[in-house]
Amino acid sequence: MSEDKGVTDNDVAIPAQSKGAAPTEDAAPGEVLLKVSGLQKHFPIRSGLLKRQTGSVKAVDGLDFDVRSGETLGVVGESGCGKSTMGRLITRLLEPTGGTVEFEGRDITHLGVRGMRPMRRDVQMIFQDPYSSLNPRHTVGGIISAPFKLQGVEPEGGVKKEVQRLLEVVGLNPEHYNRYPHEFSGGQRQRIGIARALALKPKLVVADEPVSALDVSIQAQVVNLLDDLQQELGLTYVIIAHDLSVIRHVSDRIAVMYLGKIVELADRKSLYAAPMHPYTKALMSAVPVPDPKRRGMKSERILLKGDVPSPISPPSGCRFHTRCWKATEVCKTQEPALVELKPGQQVACHHPENAPDQAPGEEVLPEARESIEVVTIGEAVAEESPAASEAPEEPAAAEAAEAAEAAEAAEAAEASQASETSEASEASDASSGAAGAEGESGPDDTVQESTDK
Ligand SMILES: Nc1ncnc2c1ncn2[C@@H]1O[C@H](COP(=O)(O)OP(=O)(O)OP(=O)(O)O)[C@@H](O)[C@H]1O
């Protein structure tokens, strides 16, 4: 997906983040920053003339986890399992139905708008779609300076100077301050979203599918940027993604969600080395192997049959039992608790993998044997032509991160040529951009006036 934009990705200086962003005053690394207990969100379903509640979508149905200062907690799961709802609950963009959210030891579950205001500075969100999360009528300067205005914060040196510094921090040209979102590529727009999220030096950043709307090579750049910013600013992340390759690359710990619940929560190494929940095992068996030496080796993919059940009436007992090849009678009737079976690895399963059976002596249900299909891949592929073994595998962001670094060197060679072209277009853009800005009315005028002092 190449985009013809006024600003090209060649304008992006990836290592430019080192321009002195001041670290936030976080809790000591490893201390609990966010604590979530029994968190629920049930969306009511109303029907009839009187709009009576006839049921509810149990999008998030009892989550318990904490996020430690300085870490990245990855949250993964199939579409519809409640990841985004969880993200919106912990950033308090949604009101929970039940449970509690504590930030730095303070219960923020039901804080009103005024009570939340100071906390809004500390907790920020990066959204999935850089195309729709930026107001097309506002300049980049206006977008990134909005948090300062909303919070009544006057940074040292003024808002404009600070916004330009932030643009540099995320690898964008500070001179593009007066440009509009449509003049940037997808990756650059996501950088603008990141700059906006970082404006008030938050302690916790919740990123909901921050790269899934982007081209694979651009995904790698944005993932690397998030990584670098975390190192420099001591940020704590909750990163939500359905792509296990992205999650593997960015996370210290990983929570696997299924139908509104966490089924496994573990540090990255343990989870990838020995997943305990059958659902985690199935998810991970579908991940492309990042190590080129191991590509083509025989491996088994577990294909779950059937659809994810409806969150309106989730299955009894263990919610995964209708799709699990290990399901027994106890799985149908008793919901397994999330318990730590190995240090740093919690799982909610009666019959976990790579751990002692929690309900031994139970017979596997006959229908359970039919719930999956195991496909052996690798050998057959390797026997075909060498080209065929590479063709079906989509490069994952983690691999692409490495590929992007190599590609950057090549791109640098092309950059001089590209910059000539982009300089020419910038010259014409500058005048049309200015005309566009002048032609805007209402809020944009305010932005221009207040930021171009
Ligand atoms: N405002 C809402 N009203 C009613 N149902 C909702 C609402 N928002 C989400 N849901 C439902 O809640 C469930 C969880 O949705 P959510 O968006 O949190 O899942 P997700 O894991 O983030 O999925 P995706 O990866 O597709 O974004 C889905 O069944 C969804 O239809």
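In this predicted model, the helices α3 and α4 meet through Gly141, Ile144, Ser145 and Phe148 on the α3 side and Val159, Lys160, Val163 and Leu166 on the α4 side. Sorted by class, the residues of this α3 and α4 contact comprise 5 nonpolar, 2 polar and 1 charged.

**α3 against α4**

- Helix α3 spans residues 140–151 and helix α4 spans residues 159–169, and their axes, which come within 10 Å, cross at roughly 115°.
- Because angles of 65 to 115 degrees count as roughly perpendicular, α3 and α4 are described as roughly perpendicular to each other.
- The crossing in which α3 passes α4 is right-handed.

**α3 against α5**

- The axes of α3 and α5 are 7 Å apart, and the two helices pack at an angle of about 30°.
- With angles under 35 degrees counted as roughly parallel, α3 and α5 are therefore roughly parallel to each other.
- Where α3 passes α5, the crossing is right-handed.
- From α3, the residues Val140, Ile143, Ile144 and Pro147 meet Ile192, Ala195 and Arg196 of α5, and by class this contact of α3 with α5 holds 6 nonpolar and 1 charged residues, with no polar ones.
- Ile144 of α3 takes part in the contact with α5 and is also listed in the contact of α3 with α4.

**α5 against α6**

- Helix α5 (residues 186–198) and helix α6 (residues 216–233) have axes that come within 9 Å and cross at roughly 20°.
- The pair α5 and α6 is therefore roughly parallel, and the crossing of these two helices is right-handed.
- On the α5 side, Gly186, Gly187, Gln190, Arg191, Ile194 and Leu198 form the contact, and they meet Ile218, Gln221, Val222, Leu225 and Leu229 of α6.
- The contact of α5 with α6 consists, by class, of 6 nonpolar, 4 polar and 1 charged residues.

**Surroundings of the ligand**

- The ligand is surrounded by 13 residues, of which Phe43, Ala59, Ser79, Ser84 and Thr85 are the closest.
- Divided by class, the shell around the ligand contains 5 nonpolar, 7 polar and 1 charged residues.
- At least two residues of this shell are supplied by each of β2 (52–68) and α1 (83–90), and the largest share, 3 residues, comes from α1.

How values were computed
Residues numbered from 1 in each chain as written. Predicted model: local features only at pLDDT ≥ 70, side-chain atom pairs only at ≥ 80, totals over all residues. Near = placed C-beta within 6 Å. Helix = DSSP H or I, 4+ residues; strand = E, 2+ residues; numbered from the N terminus. Nonpolar A, V, L, I, M, F, W, Y, C, P; charged D, E, K, R; others polar. Axes fitted to C-alpha atoms, helices over the stretch in contact; angles between N-to-C directions. Parallel < 35°, antiparallel > 145°, perpendicular 65-115°, else oblique. Left-handed = near helix turned anticlockwise from the far one by under 90°. Contact = placed C-beta atoms within 7 Å.
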